[in-house]
Amino acid sequence: MTTMGWIDGWLHTLPPLAVAGVVCLIIGLESMGIPLPGELTLVTASVMASTGSISPWLVASAAALGAIIGDSIGYAIGRRGGRRMLERLGKRFPKHLGPPHLNPAERTFARWGVWAVFFGRFIALLRILAGPLAGALKVPYPKFLLANAAGGIVWSFGTVFAIYFI
């Protein structure tokens with residue numbers, strides 16, 4: 001069974017508040033830097049919302065909350081552990097966080113600063129690395145939080161309601 005099929009089947013067995021909790025948790029963990037299927041989970045829950053199984057407002061709010069909190073925790077971890085920690089994670093998860101992934105993400109941050117946090121929410125690899133990278137690169141937290149919250153809200157509500165209305 002594919003990841004999408006597994007997530008879809010599992011989420012349909014849960015009550016709406018549990019679905020929202022799962023969306024928040026998976027997106028939060030992904031935003032901390034753990035490679036998980038956050039976007040697939042959000043798409044599945046959004047499709048459920050379009051069928052009336054759950055409120056789209058609940059799905060979008062849970063996704064935004066998970067994204068903002070997860071990125072903030074990832075930022076704190078990156079701030080404390082720095083690039084050395086990211087390199088260690090790259091050895092554990094070479095398909096997702098190895099040097100071929102980390103180096104372009106760092107270049108993006110060097111060029112775009114906090115805009116990389118905002119737009120990183122819309123790009124799979126940067127979505128996973130934005131918080132830890134911003135912390136490791138010592139981006140000031142107030143600037144990070146503003147870009148993180150704005151990106152998380154636009155991404156989650158935009159994704160949910162685009163799928164809901166389509």
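Reader: Why does Tyr-164 count as partly exposed?

Author: Its relative accessibility is 30%. Buried means under 20% relative accessible area, exposed means over 50%, and partly exposed is in between (1.4 Å probe, protein chains only), so Tyr-164 counts as partly exposed. A word on the source: this is a predicted model, where local features need pLDDT of at least 70 and side-chain atom pairs count only at pLDDT 80 or more, while totals for chains, interfaces and linings use all residues. Residues are numbered from 1 along each chain as its sequence is written, and side-chain values use heavy atoms, leaving out hydrogens and water.

Reader: What makes Phe-165 exposed?

Author: Phe-165 has a relative accessible area of 66%, so it falls on the exposed side of the cut-off.

Reader: And what makes the pair of Tyr-164 and Phe-165 edge-to-face?

Author: Rings of Phe, Tyr and Trp (its six-membered ring) pair if their centres lie within 6.5 Å; planes under 30 degrees apart count as stacked, over 60 as edge-to-face and the rest as tilted. Here the centres are 5.1 Å apart and the planes stand at 80°, so the pair is edge-to-face.

Reader: Why is the pair of Phe-157 and Phe-161 called stacked?

Author: The angle between their planes is 15°, with 6.3 Å centre to centre, and that meets the definition of a stacked pair. Both residues lie in helix 9, 4 residues apart, about one turn of the helix. Helices here are DSSP runs (H or I, at least four residues), numbered from the N terminus. Phe-161 has 15% relative accessibility, so it counts as buried. Ring pairs also link Trp-57, Phe-157, Phe-161, Tyr-164 and Phe-165 into a cluster.

Reader: How do you know that helix 4 is roughly antiparallel to helix 9?

Author: The axes of helix 4 (residues 56-92) and helix 9 (residues 141-165) come within 8 Å and cross at roughly 150°. That makes the two helices roughly antiparallel, because angles under 35 degrees count as roughly parallel, over 145 as roughly antiparallel, 65 to 115 as roughly perpendicular and the rest as oblique. The axes are lines fitted to C-alpha atoms over the stretch in contact, and angles run from 0 to 180 degrees between N-to-C directions.

Reader: What makes Ser-72 buried, and which residues does Ser-72 touch?

Author: Ser-72, in helix 4, has 15% relative accessibility and therefore counts as buried. Ser-72 touches Tyr-141, Phe-144, Leu-145 and Asn-148, not counting residues up to four places away in sequence; contact means heavy atoms within 4.5 Å.
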